[in-house]
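Look at the sequence and the structure first, then read on.

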Amino acid sequence: MALIEIENMEFYAFHGCFKEEQVVGNQFLVNISFETDTSKAQKNDNLNDTVNYQVVYNLVKAEMQKTSKLLEHVAERITSAVKLEFPEIKSIKVKVSKLNPPMGGKIEKVSVTLNRNFAQKG
């Protein structure tokens, strides 16, 4: 089992509860990590035997382009899209951060992190 991480993907998107956020937009960071069996790829050096990072990035990018009110919703959509494309993933962690959120004060970022474990029981 291996942990694969794609860190600090930057996107300009239009997520937020305020109408202005959905018009003006904001800067977001997305981090994703997942566990999967990479033993075959470790031996044969073949991209088809592991999770393709470029495909994961494109899935994240596509979900970030869809406007949502809540970061929780964005993180769940990313989680679901990646798991659907790569059912071999055993667990996944997705963190979505909004930089400089409009909350009435100086705040670097606000983040939502989802963790899902898909390992079979029994």
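Are R77 and E63 buried or exposed? Both R77 and E63 are buried. Keep in mind that the model is predicted.

## A linked set of charges

R77 and E63 form a salt bridge, with their closest N and O atoms 2.7 Å apart. This pair links distant parts of the chain. R77 sits in helix 4 (residues 71-85), E63 in helix 3 (residues 53-64), and 14 residues separate them. Salt bridges with shared partners join E63, K66 and R77 into one network.

The contact between E63 and K66 is also a salt bridge, with 3.1 Å between the closest N and O atoms. E63 has a relative accessibility of 9%, so it counts as buried. K66 has a relative accessible area of 43%, which means that it is partly exposed.

The salt bridge count for the model is 5. One of these joins the side chains of K98 and E21, at 2.4 Å from N to O. K98 belongs to strand 3 (residues 91-99) and E21 to helix 1 (residues 19-24), so the bridge ties together parts that lie 77 residues apart in sequence. K98 and E21 are both buried.

## The loop between two helices

S68 lies in the loop that runs between helix 3 and helix 4. Its relative accessible area is 4%, so S68 is buried. The side chain of S68 makes a polar contact with the side chain of H73, at 2.8 Å.

What does S68 contact, leaving aside neighbours within four places in sequence? The list is F14, H15, G16, Q22, H73, V74 and R77. R77 is also part of the salt-bridge network with E63 and K66.

## The sheet and its helices

Strand 2 (residues 26-36) pairs with strand 3 over 8 bridges, in the antiparallel sense. F34 stands opposite I92, a residue of strand 3.

How values were computed: Residues are numbered from 1 along each chain as its sequence is written. This is a predicted model: local features need pLDDT of at least 70, side-chain atom pairs count only at pLDDT 80 or more; totals for chains, interfaces and linings use all residues. Side-chain values use heavy atoms; hydrogens and water are left out. A salt bridge is a side-chain nitrogen of Lys or Arg within 4 Å of a carboxyl oxygen of Asp or Glu. Helices (H or I, at least four residues) and strands (E, at least two) are DSSP runs, numbered from the N terminus. Buried means under 20% relative accessible area, exposed over 50%, partly exposed in between (1.4 Å probe, protein chains only). A polar contact is a pair of N or O atoms within 3.5 Å; within protein, one must be able to donate a hydrogen and the other to accept it, and residues adjacent in sequence count only if both atoms are side-chain atoms. Contact means heavy atoms within 4.5 Å. Two strands pair if DSSP finds at least two bridges between them.
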